[in-house]
Amino acid sequence: MVQISPVRISETPEWQALAAHGGEMRNVHLRDLFASDPERGLTLRVDGADLHLDYSKNRLTARTIDLLVAVAERAGLAQRIEAMWSGEHINVTEDRPVLHIALRAPRRASITTGGVDVVPGVHEVLDRMSEFARRVRSGEWTGHTGKRITTVVNIGIGGSDLGPAMAYEALRPFSDRSIECRFVSNVDGSDIWEATHDLDPGATLFIVSSKTFTTLETLNNAKTARDWLVSGLGDSSAVARHFVAVSTNAEKVAEFGIDTSNMFGFWDWVGGRYSYDSAIGLSLMVSVGPEAFVDMLEGFHSVDEHFRSAPFRENLPVLLGLIGVWYNDFFGAETQAILPYNHYLARFPAYLQQLDMESNGKSVTLSGEPVDVATGPVVWGTPGTNGQHAYYQLIHQGTRLIPADFIGFVTPNHDVGDHHDLLMANFFAQTEALAFGRSAPQGQPYRSFAGNHPTNTILADQLTPRILGELVATYEHKVLTQGVIWGINSFDQWGVELGKELAQRIVPELTAPETPALAHDSSTNTLIARYRAGRGRP
């Protein structure tokens, strides 16, 4: 049973001590912190699995970390971590366990919920995925006309799209370039049109990812893809050779025309934004192969074990989470920049947007009361060095405090001339410039850099499947850390429901042949009427 404390974290002496310390630290400059402790770059750092975190360029001291850890302990973080591993229903509003950690548990592990060990089922699905991926990659699986599959189109939305799409781009150096993966999520018809208009139907495989097989956007795109395929091949029976499903609804999958032997399942204890290492990642496994996919899972698991076992002061995801709380709640920071210095991580910030903002974008506590502290930040970013010639100006010389995570790699995936040394020179220079700034030449205040802008630096050897798994798991557990401290449920997403419900109501109002009776507000009614007129409807 998940214990929900009746005491708000803001009312505890630990939080109040941290708040008092925050007042003392508010005007302290990083220049002074490094001057008083020249060795802080050697002490304020930690290793977790294969990741190295330098957090010395933050506006904090060892005392700050002590106070933050005390808050985490008072919030019951250790107990919540163990509750997750024990299969307790920590997703209290949906009465579900939270077991994405089981998706990357080794075969020998045992993780139970409701008296059932879920690990064997996970590996049964992984084995079926591996066999299917092997058949597609080898050419053994062919389309309806006997052609080898050369394009895989993943149809999903939210976590069923952002995760596999991000990971596919991140692991392109490890992919089979004879098989291209494309990703469709938007219900805007331009998305599915662009993904299919230049393809050969006989060489295209669609993976439809929807747990219930009723998701409006996904099913609409899937039906359009089916029509395109049948039109191109002239035979509705071709669907069985060109569509597979990631779902738990065998009846709906069969109605669609997909052979249920080609349906790959997952579980209600996996949230969409935590799911790409499940069957949701089937397109990724086809691209990089089962061995690389398993390497990625092992990376996830290595950080899972670090998060579960390392003391909080030496725990990389916990420290990232605590530092985020520090700026979010005591410095008024409203955003978090994610700045990967790697071309292949172009979609990583967008992936983290959903992971963080859907998880911790909450204003009600676990006990159903309004929160009285600031919760999740706005997450954003792009790869370096592109951002340096765009929004870094705001970070360096603007009026907002924007904490940033810099992610870099010692070894490039492609060692081309001196490119990587130049890239990493910028990587190191930016965190130095943000921390320490520079005084303006006489009479040129516009060239002044105040500095004192906080950054974390995450450094790994090379972006590999294993390292990608470690990075994603790190941010997953960072999100949990913050959610526990704020007393919110990081694993539901009720905020996405209202707009979807209203859209279902509006669809027939847009398409009805006769003028519908509209009962919205005056703005929405007028806009619907204008849209109908533009479409030639009364």
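**Close-up views of a predicted model**

**View 1. Helix H9, residues 216-233, end to end.** This helix has 18 residues. From first C-alpha to last, H9 reaches 26 Å, close to the 26 Å expected at 1.5 Å a residue. The model shown here and in the other views is predicted. Which residues of H9 are buried? They are Thr-218, Leu-219, Asn-221, Ala-222, Ala-225 and Leu-229. These residues cover an arc of only 160 degrees around the axis, so they sit on the same side of H9. An α-helix has 3.6 residues a turn, so residues three or four places apart point the same way. Now turn to the face of H9 directed away from the buried side. Asp-227 and Ser-231 are there, and both are exposed. Just after H9 comes Gly-234, with a positive phi of about 70 degrees.

**View 2**

**View 3. Helices H13 and H14, where they cross.** Two packed helices are described by the angle between their axes and the distance between the axes. Here, H13 spans residues 290-309 and H14 spans residues 316-330. Their axes come within 7 Å and cross at roughly 70 degrees. H13 and H14 are therefore roughly perpendicular to each other. H13 brings Val-303, His-306 and Phe-307 to the contact. H14 brings Leu-316, Pro-317 and Val-318. Of the residues in this contact, five are nonpolar, one is polar and none is charged.

**View 4. Thr-481 in helix H18.** Helix H18 covers residues 465-486, and Thr-481 lies in it. Is Thr-481 buried or exposed? Thr-481 is buried, with a relative accessible area of 0%. Leave aside its neighbours within four places in sequence, and Thr-481 is in contact with Leu-77, Phe-307, Pro-317, Val-318, Gly-321 and Leu-322. Phe-307, Pro-317 and Val-318 also take part in the contact of H13 with H14.

**View 5. Gln-430 in helix H17.** Helix H17 holds residues 419-436, Gln-430 among them. Gln-430 has a relative accessible area of 13%, so it counts as buried. Setting aside neighbours within four places in sequence, its contacts are Tyr-341, Gln-388, Tyr-392, His-396 and Phe-406. Val-479 is 49 residues from Gln-430 along the chain. Their C-alpha atoms are separated by 26 Å.

Methods: Residues numbered from 1 in each chain as written. Predicted model: local features only at pLDDT ≥ 70, side-chain atom pairs only at ≥ 80, totals over all residues. Heavy atoms only, no water. Axes fitted to C-alpha atoms, helices over the stretch in contact; angles between N-to-C directions. Helix = DSSP H or I, 4+ residues; strand = E, 2+ residues; numbered from the N terminus. Parallel < 35°, antiparallel > 145°, perpendicular 65-115°, else oblique. Contact = heavy atoms within 4.5 Å. Nonpolar A, V, L, I, M, F, W, Y, C, P; charged D, E, K, R; others polar. Expected span 1.5 Å × (residues − 1). Buried < 20%, exposed > 50% of the residue type's maximum accessible area, 1.4 Å probe, protein only. Arc of directions from axis to C-beta.
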